[in-house]
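These are my notebook entries on one structure, kept in the order in which I looked things up.

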Amino acid sequence: MADDDLLAPGFTTDPYWWDAAPRPSANTEPSAPAATDVAVVGSGHTGMAAALTLARAGRKVTVFEADAPGYGASTRNAGYVGRTLYSKFFKLEKTFGTAKATALAREGKTAHDYLVDLIEREQLACRYVNCGRFIAAETPKHYDHMAREFAALARHVPTDVTMVPRAEQRSELASDRYHGGAALNGTGAVHPGLFHNELMNRVLSAGAAVLGHTPVTDMRREGDSFEVTTTRGRVRARNVVVATNGYTGTATPAIRRRIVPVGAYMIATEPLGAARVARLLPTLRTMIDTKINIYWARMSPDGERILFGARTGIDDGPLETKARKLRAHMAEVFPELAAIKVTHCWTGNMGFTFDLLPHHGVIDGVHYAAGFCGVGIPMGSYLGHKTALKLLGERDAATAFDDLPFPTRPFYNGNPWFLPPMLAYWGVRDRMGR
Ligand SMILES: Cc1cc2nc3c(=O)[nH]c(=O)nc-3n(C[C@H](O)[C@H](O)[C@H](O)COP(=O)(O)OP(=O)(O)OC[C@H]3O[C@@H](n4cnc5c(N)ncnc54)[C@H](O)[C@@H]3O)c2cc1C
């Protein structure tokens, strides 16, 4: 569709991040090995973090990736490095009681700290900034709720937050759309494409092999090992780690039945100039709002553009159409961007779970970490590492997620047919300021 007022010259449906960190186009491994200690399925942050820990412990590790390495959500996300779970503290407390809720919420901070330490220790050049986050309240009720919830959380988990009333909101955001918000310190952002490239380089340096364009199509337990079938041959593996999250397919049906893939969408504006971006986001924090069908916005790492996301889960046509809708939502937040051209519009799959919590463990002898519910940069990396520790039999492998059942639903096989009506319902609740 020709859309002269919308699409900048060179418009692409590849993620903005791939400009600086293109996906490797060719496979560097000549063939699949006959045998490996650990077959890691999926090459995002989760698979790579697992592979790094395993390879450093001396295991022969082979990472299998259906597409180009890092093709999934790990190089398609917004780059926010948060310190909370998708499930907020009051909900956790209601479901599990205060002690377990605290242990689970603490894992959000632990995952954040693990990731920041990994970046520093490994010197990963991924434009990490400790910028903080502004959580914009959609309604006055949301503002009050957030203030109470953060106060409760702070009593149990170190949390540095300042509530910003609506009258002062423009100090955070050049917008009158919201009803104030929470300025959360101690959260950051990365360039996810560079983060993935850097992590993969450490994995390769540690001696692991990464086989792109090599989907795993089946795996069978045979005695105390697995026969892993790939499109480039069969591999005997002593252990398997599945790290396919929102892209989990039929090769691992037990995990697929427990993950709900949810498409998420983003645009990049044409370069706006650093001064203009700094006017729109004066503190340069990342921004997200409190709707269920959320909006989020951040500056690009070079400070020149706004990267904006919305319409999560709503599949409404080609990405060119999506770009127009996203730009309209962006203009609700920043009216002056209503006529800005868009250079990139892309999508990726998040992996949600029925209890809205991440999970890791062992199913049918297969280790897995999945279901990060939109916070997988820290949580996927952390649980990938913990999964590796578990496989290695290390004592500090335990997490607060260990004793949670990994729920599914009757007749659910991985096809989320219920999402469109559910999202329409949530959209109405958002509009009513539920
Ligand atoms: C638009 C968007 C914005 C997001 N924003 C954020 C954010 O700001 N902060 C945050 O923390 N999280 C965010 N997320 C979520 C985050 O990106 C994910 O939780 C995280 O990347 C998951 O990493 P992963 O390694 O588990 O899975 P992925 O990176 O999705 O990797 C899974 C890989 O498995 C491969 N695969 C699947 N099946 C097979 C098979 N049979 N054989 C071989 N390979 C296979 C896939 O091709 C894929 O590459 C966002 C996600 C999206 C889509």
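Which residues is F195 in contact with, leaving aside its neighbours within four places in sequence? I took contact to mean heavy atoms within 4.5 Å, and with that cut-off I found F195 in contact with H45, L115, L118, I119, L124, C126, V190, I377 and S381.

Before going on I noted the ground rules: this is a predicted model, in which local features need pLDDT of at least 70 and side-chain atom pairs count only at pLDDT 80 or more, while totals for chains, interfaces and linings use all residues. Residues are numbered from 1 along each chain as its sequence is written, and side-chain values use heavy atoms, with hydrogens and water left out.

Entry on the cores. I looked up the nonpolar cores, a core being a set of buried Ala, Val, Leu, Ile, Met, Phe, Trp, Tyr and Cys residues joined through side-chain atoms within 4.5 Å. For burial I used relative accessible area, with buried under 20%, exposed over 50% and partly exposed in between (1.4 Å probe, protein chains only). The largest core has 69 residues, and F195 is listed with L54, V61, L104, L118 and M379 as having the most contacts inside it. Helix α4 (residues 98-121) gives the largest share of this core, eight residues; helices here are DSSP runs of H or I with at least four residues and strands are runs of E with at least two, numbered from the N terminus. Another core, of 32 residues, lies apart from it and includes A297, M330, F334 and L337.

I then went through the polar atoms of the ligand. One oxygen atom of the ligand is 2.5 Å from an N or O atom in the side chain of S74, and an oxygen atom of the ligand is 3.1 Å from an N or O atom in the side chain of N77. A nitrogen atom of the ligand is 3.5 Å from a polar backbone atom of Y247. Taken alone, the ligand exposes 1,000 Å², of which the protein buries 95%; these areas come from the Shrake-Rupley method with a 1.4 Å probe, and for residues only the protein chains shown count as cover.

Entry on H385. This residue is found in helix α10, and it counts as buried because its relative accessible area is 18%. Its side chain makes a polar contact with the side chain of T53 at 2.8 Å, a polar contact being a pair of N or O atoms within 3.5 Å; within protein, one must be able to donate a hydrogen and the other to accept it, and residues adjacent in sequence count only if both atoms are side-chain atoms. Leaving aside neighbours within four places in sequence, I found H385 in contact with A49, A50, T53 and Y114.

Entry on E122. I located E122 in the loop between α4 and β5 (133-136), where it counts as buried because its relative accessibility is 11%. Not counting residues up to four places away in sequence, E122 touches L52, R56 and R202.

Entry on backbone angles. Most residues other than glycine have a negative phi, so I noted the exceptions here. N245 has a phi near 35° and sits in the loop between β12 (233-242) and α7 (253-256). F411 has a positive phi of about 70° and is placed in the loop between α10 and α11. Is F411 buried or exposed? F411 is exposed, because its relative accessible area is 83%, whereas N245 counts as buried at 15%.
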